[in-house]
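Please look over the sequence and the structure before reading on.

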Amino acid sequence: MNKTKERTVVEKKDLITRLNRIEGQVRGVKKMVEEERYCMDIITQVMAVTAALNSFNKKLLNEHLHTCVVNDIRAGDTEVVDELCETIQKLMK
């Protein structure tokens with residue numbers, strides 16, 4: 001069963017804005033490869049994309065903890081803690 005999450009307009013707009021920025025950064029990296037730019041310059045931009053994705057994940061995880069996890073625990077569903085632990089382990093690889 002797929003769970004869903006209703007987000008506020010502000011929350012959704014912030015996440016979409018972040019993803020649009022990341023998408024633009026990835027397109028920029030692709031263009032750098034196409035233009036045969038220097039490897040270290042490309043790597044620097046890839047590090048910026050990675051940092052932006054990590055920031056996105058932190059934001060999303062914070063919202064998840066404060067809403068979904070809290071609500072599920074209050075409803076008696078403690079399996080959400082195991083799910084969260086598994087996700088954090090994957091993020092930390």
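In which helix is M40 found? M40 belongs to helix α2, residues 39-74, where helices are DSSP runs of H or I with at least four residues, numbered from the N terminus. The model is predicted, with local features needing pLDDT of at least 70 and side-chain atom pairs counting only at pLDDT 80 or more, while totals for chains, interfaces and linings use all residues. Residues are numbered from 1 along each chain as its sequence is written, and side-chain values use heavy atoms, leaving out hydrogens and water.

**Salt bridges**

- Eight salt bridges are found in a search of the whole structure, each being a side-chain nitrogen of Lys or Arg within 4 Å of a carboxyl oxygen of Asp or Glu.
- In helix α1, R18 and D14 lie four residues apart, about one turn of the helix, and their closest N and O atoms are 3.2 Å apart in a salt bridge.
- R18 is partly exposed at 22% relative accessible area, as is D14 at 26% (buried means under 20%, exposed over 50%, partly exposed in between, with a 1.4 Å probe and protein chains only).
- K59 and E63 form a salt bridge at 3.7 Å, N to O; they are four residues apart in helix α2, so about one helical turn separates them.
- K59 is partly exposed at 29%, whereas E63 is buried at 13%.
- Salt bridges that share partners join D14, R18, K59 and E63 into one network.
- R37 and E35 also meet through their side chains in a salt bridge, at 3.9 Å from N to O.

**Surface patches**

- Y38, M40, I43 and M47 make a nonpolar surface patch of about 440 Å² (patch residues have over 30% relative accessible area and no salt bridge; nonpolar side chains, namely Val, Leu, Ile, Met, Phe, Trp and Tyr, are joined within 5 Å, and like charges within 9 Å).
- Areas come from the Shrake-Rupley method with a 1.4 Å probe, and for residues only the protein chains shown count as cover.
- M40 is partly exposed, at 45% relative accessibility.
- E79, D82, E83 and E86 form a negative surface patch; E83 lies in helix α3, residues 79-91, and is partly exposed at 36%.

**Cysteines**

- The structure holds zero disulfides, a disulfide being a pair of cysteine sulfur atoms within 2.5 Å.
- The closest cysteine sulfur to that of C85 is in C68, 16 Å away, which is too far for a bond.
- C85 is partly exposed at 41%, whereas C39 is exposed at 54%.

Methods. Lys and Arg count as positive and Asp and Glu as negative; His and the chain ends are not counted. The place of a charge is taken as NZ of Lys, CZ of Arg, CG of Asp or CD of Glu. Helices (H or I, at least four residues) and strands (E, at least two) are DSSP runs, numbered from the N terminus.
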